[in-house]
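Subject: Structure handover, aromatic contacts

Hello,

Here is the structure for you to look through. Please open it beside this note.

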Amino acid sequence: MKVYVNFDDNRWKKYAIDFEKIANAAVPAKYKNAEVSITLTNDSEIHKLNKQYRGMDKPTNVLSFELGDDLLLGDIYISIDTVKRDD
């Protein structure tokens with residue numbers, strides 16, 4: 001699986017996380033040619049998305065948006081602030 005990682009918040013860069021390895025371990029082999037986008041963000045940005053798409057006026061740790069395609073699986077957003085608080 002091909003994983004595209006976008007850093008919306010540079011605080012994520014200090015962590016050496018192999019998202020491609022994690023994604024490949026988590027999905028069935030039939031998706032080996034699939035793609036997913038991961039955006040590493042913060043509470044401010046994920047709050048906006050959560051309100052816009054889920055009607056929830058608060059941040060959350062993870063949001064995912066499935067595209068309904070076997071090749072382009074979707075987008076995942078992860079907030080560093082909420083993840084750190086949930087730790």
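Below are the ring contacts that came out of the search.

This is a predicted model, so local features need pLDDT of at least 70 and side-chain atom pairs count only at pLDDT 80 or more, while totals for chains, interfaces and linings use all residues. Residues are numbered from 1 along each chain as its sequence is written, and side-chain values use heavy atoms, with hydrogens and water left out.

**Ring pairs**

The whole structure holds 3 aromatic pairs. Y53 is in helix α2 (residues 43-54) and F65 is in strand β3 (residues 62-66), 12 residues apart. (Helices, H or I of at least four residues, and strands, E of at least two, are DSSP runs numbered from the N terminus.)

F65 also pairs edge-to-face with Y77, at 5.8 Å centre to centre and 85° between planes. Y77 lies in strand β4 (residues 72-79), so this pair ties strand β3 to a part 12 residues away in sequence. Together, Y53, F65 and Y77 make one aromatic cluster.

**Charges over rings**

The charged end of K2 sits over the Y4 ring, 5.4 Å from its centre. (The test: NZ of Lys or CZ of Arg within 6 Å of the ring centre and within 35 degrees of the ring normal.) K13 lies over the face of F7, 5.4 Å from the ring centre.

Best wishes

Key
Phe/Tyr/Trp six-rings, centres within 6.5 Å; stacked < 30°, edge-to-face > 60°.
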